[in-house]
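Take a look at the structure below. This report walks through a few of its features in turn.

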Amino acid sequence: MAIMRLVLFLGNLSIGYNRDILRGIGDYAVQDRNLHIMFPTDFEPTSTNSLNQLAPSGVIAGACPQFGQLLSRLIGSGTPAVDVSAERETAGLPRITTDDQAMGAMAAEYFINRGFKNLVYYGMAARHWSAMRWRGFQKRGQQEDVKVRHFDRPTGTANHQAGLFPCPVADWIKSLHHPSAIFAGDDLLGAELLYTCQLLDIKVPEELAILGVGNEDLYGVWRNNRLSSVVLNTAEIGRRAIETLNRLMEHRAPLSATIQIPPIRIVTRFSTDIFGVSDELVRRALELIHKQFGSGISVKGLAYKLAVSRPTLERRFTSALGRSPAVEISRVQADFARRRLLDSNQCVEKVAEEAGYACARQLRAALDQHFGTTPRELRKLRRT
């Protein structure tokens with residue numbers, strides 16, 4: 001007879017990151033009737049103390065200081081455990097987390113592709129995930145020879161004030177060159193910046209473009225603003241975590257001591273819906289490309305619409321962005337197709353048609369060229 005296994009998830013569910021991980025755990029557990037997932041929703045001392053009476057078969061540990069002593073006791077007693085906290089590694093535990101450096105690189109490339117030359121990272125000092133996101137952001141920016149700066153939110157500032165009061169770095173925001181692009185370490189920080197820009201009468205995205213992380217509805221729709229955000233594959237983190245824990249509970253070795261799950265994509269909303277190039281001709285060209293890529297627009301047709309010669313357009317475009325209009329058209333088409341494959345159930349042929357490709361084979365070749373992936377691999381990442 002199969003033995004029921006109690007799995008305890010320790011993570012503050014007021015944080016969207018933890019809720020999404022729990023959903024991934026739940027999706028896996030539905031397929032295994034021998035797993036029972038328990039997660040505390042009350043963090044009062046009397047409630048957390050009652051957890052000491054439990055003897056779970058395994059633990060998945062998110063970032064939640066209230067459970068530090070309980071987690072230490074369980075690990076010390078030999079209870080199998082997996083770390084999904086996105087903080088520094090817990091010694092001896094398998095770790096499943098976001099690939100924070102890849103996330104930072106994705107954010108930098110996103111801004112660079114939109115023509116920005118001044119990139120800024122706004123993070124949280126002493127947080128491991130923030131340091132890693134900055135590292136990836138900085139490295140990718142330096143590879144393209146753009147100016148990259150870093151500023152941390154002052155320690156000791158109450159997190160619960162985010163979005164309700166000006167952030168504590170208003171003077172720093174006022175000192176930034178316009179236009180600049182800010183990558184906020186998470187959506188909470190991004191919402192804080194948006195609200196502060198409103199109070200300071202700084203135009204978003206015309207003067208400051210702001211990108212967050214997490215794609216949380218609470219922050220993405222804050223007031224009348226829309227916060228662009230990096231979409232994380234947190235459900236996959238949860239699935240891989242419970243899969244790894246299952247191996248440990250069956251006394252099998254984990255497949256890997258550390259697994260880093262890359263982000264899926266970036267959702268563009270109001271806060272970054274602009275191009276940061278100073279050349280008006282190139283900006284208009286970018287706007288046309290992003291609006292008409294699916295209709296088969298060519299460099300020749302683009303030059304005609306802009307009333308300039310093709311050599312002039314190519315020279316100024318390449319000077320501003322370091323790539324030709326033809327490459328940009330191809331990249332935008334491929335990016336649209338990639339996002340469509342992630343977000344919809346449309347067949348590959350229909351996606352290829354909407355992206356402006358003559359056939360699905362052209363789409364597959366473009367995805368491989370620009371992103372090193374295939375439609376099938378993208379479908380695996382798509383959230384169900």
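The model is predicted.

**The sheet**

Six strands make up an open sheet with mixed pairing. Their order is S7-S6-S8-S9-S10-S12. Which strands stand at the edges? They are S7 (147–153) and S12 (265–267). Each has a single partner strand, so one side of each is left without a neighbour in the sheet. From one strand to the next, the twist averages 25 degrees.

S12 pairs with strand S10 (residues 228–231). The two run antiparallel and are joined by three bridges.

Helix H4 (residues 100–113) touches strands S6 (118–124), S8 (180–184), S9 (208–213), S10 and S12. The direction of H4 makes about 160 degrees with that of S8. Helix H5 (residues 128–143) touches S6, S7, S8 and S9. The direction of H5 makes about 170 degrees with that of S6.

**A helix pair**

Two packed helices are described by the angle between their axes and the distance between the axes. Helix H1 (residues 16–29) and helix H9 (residues 234–249) have axes that come within 6 Å and cross at roughly 55 degrees. H1 and H9 are therefore oblique to each other. The crossing of H1 past H9 is right-handed.

Residues on the H1 side of the contact include Tyr17, Asp20 and Tyr28. Among those they meet in H9 are Ile237, Arg239 and Glu243. The contact of H1 with H9 divides into seven nonpolar, four polar and three charged residues.

Most residues other than glycine have a negative phi, and most peptide bonds are trans. The table lists exceptions.

| Site | Feature | Value |
|---|---|---|
| His178 and Pro179 | cis peptide bond | omega about 0 degrees |
| Val204 to Pro205 | cis peptide bond | omega near 10 degrees |
| Asp201 | positive phi | about 60 degrees |
| His251 | positive phi | near 65 degrees |

Where do these sites lie? Pro179 is in the loop between helix H6 (170–175) and S8. Pro205 is in the loop between helix H7 (187–200) and S9. Asp201 also has its place in the loop between H7 and S9. His251 is in the loop between H9 and strand S11 (258–261).

Is Asp201 buried or exposed? Its relative accessibility is 68%, so Asp201 counts as exposed. His251 counts as exposed too, because its relative accessibility is 77%.

How values were computed:
Residues numbered from 1 in each chain as written. Predicted model: local features only at pLDDT ≥ 70, side-chain atom pairs only at ≥ 80, totals over all residues. Heavy atoms only, no water. Axes fitted to C-alpha atoms, helices over the stretch in contact; angles between N-to-C directions. Helix = DSSP H or I, 4+ residues; strand = E, 2+ residues; numbered from the N terminus. Parallel < 35°, antiparallel > 145°, perpendicular 65-115°, else oblique. Left-handed = near helix turned anticlockwise from the far one by under 90°. Contact = heavy atoms within 4.5 Å. Nonpolar A, V, L, I, M, F, W, Y, C, P; charged D, E, K, R; others polar. Pairing = 2+ DSSP bridges. Buried < 20%, exposed > 50% of the residue type's maximum accessible area, 1.4 Å probe, protein only.
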